[in-house]
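User: I would like to learn how to read a model like this one feature by feature, with the general idea given before the particular case. Could we go through it slowly?

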Amino acid sequence: MFVVIRFRVGEDDQAGFGERVRAAVDVLEQQKGFVAARVGRNVDDPELLALTLEFENIGSYRRALSPYDVKLTAVPLLSQAIDEPTAYEDLPV
């Protein structure tokens with residue numbers, strides 16, 4: 001399964017945001033079931049950033065958000081995301 005988390009970040013704040021994303025990914029990638037992460041900027045709207053995470057399954061993703069170090073580092077960042085559904089299951093193409 002994969003997660004798409006979008007953020008609206010002013011261009012002047014993107015360097016600090018990048019540091020916070022790196023710290024969040026660092027703790028998330030230590031969690032069982034973590035597969036991959038990437039971050040990107042929208043080509044038409046440079047203040048729209050997306051963090052995508054991939055986990056083995058939804059249970060792994062939900063459990064990955066529970067440890068103390070994740071709550072301390074990643075959850076504050078994730079709470080600043082655009083309020084929309086984020087978790088997606090893979091479908092055959």
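Analyst: Let us begin with burial, where buried means under 20% relative accessible area, exposed over 50%, and partly exposed in between, computed with a 1.4 Å probe on protein chains only. Helices (H or I, at least four residues) and strands (E, at least two) are DSSP runs, numbered from the N terminus. This is a predicted model, in which local features need pLDDT of at least 70 and side-chain atom pairs count only at pLDDT 80 or more, while totals for chains, interfaces and linings use all residues. Residues are numbered from 1 along each chain as its sequence is written, and side-chain values use heavy atoms, with hydrogens and water left out.

User: Which residues of helix 3 are buried, and which are exposed on the other side?

Analyst: An α-helix has 3.6 residues a turn, so residues three or four places apart point the same way. In helix 3 the buried residues are V70, A74, L77 and L78. Seen down the axis of helix 3, these buried residues fall within an arc of 100° (the arc being that of the directions from the helix axis to the C-beta atoms), so they line one face of the helix. Y68 and L72, on the other side of helix 3, are exposed.

User: What covers the buried residues of helix 3?

Analyst: Here one needs contact, which means heavy atoms within 4.5 Å. The cover of the buried residues of helix 3 includes strand 1, helix 1, strand 3 and helix 2. For A74, leaving aside its neighbours within four places in sequence, the contacts are A24, V27, L28 and D69.

User: How do strand 2 and strand 3 pair, and where is N42?

Analyst: Strand 2 and strand 3 are joined in the antiparallel sense over seven bridges, with A37 opposite L53 in strand 3, and the two strands form a hairpin with six residues between them. N42 has its place in the loop between strand 2 and strand 3, and is partly exposed, with a relative accessible area of 30%.

User: How many residues are in the largest nonpolar core, and which elements give two or more residues to it?

Analyst: In soluble globular proteins, nonpolar side chains tend to be buried together. A nonpolar core is a set of buried Ala, Val, Leu, Ile, Met, Phe, Trp, Tyr and Cys residues joined through side-chain atoms within 4.5 Å. The largest core here has 22 residues, and those with the most contacts inside it are I5, F7, F17, L51, L53, F55 and A74. The elements giving two or more residues to this core are strand 1, helix 1, strand 3, helix 2 (58-64) and helix 3 (68-78), and helix 1 provides the largest share, six residues.

User: How many aromatic pairs does the structure hold?

Analyst: A pair of aromatic rings is described by the distance of the centres and the angle of the planes. Rings of Phe, Tyr and Trp (its six-membered ring) pair if their centres lie within 6.5 Å; planes under 30 degrees apart count as stacked, over 60 as edge-to-face and the rest as tilted. The structure holds four such pairs. One of them, F2 with Y88, is stacked, at 5.4 Å centre to centre and 10° between the planes, and links F2 in strand 1 with Y88 in strand 4, 86 residues apart. F7 and F17 form an edge-to-face pair, at 4.9 Å centre to centre and 65° between the planes. F7 lies in strand 1 and F17 in helix 1, so this pair ties together parts that are ten residues apart in sequence.

Technical notes. Pairing = 2+ DSSP bridges.
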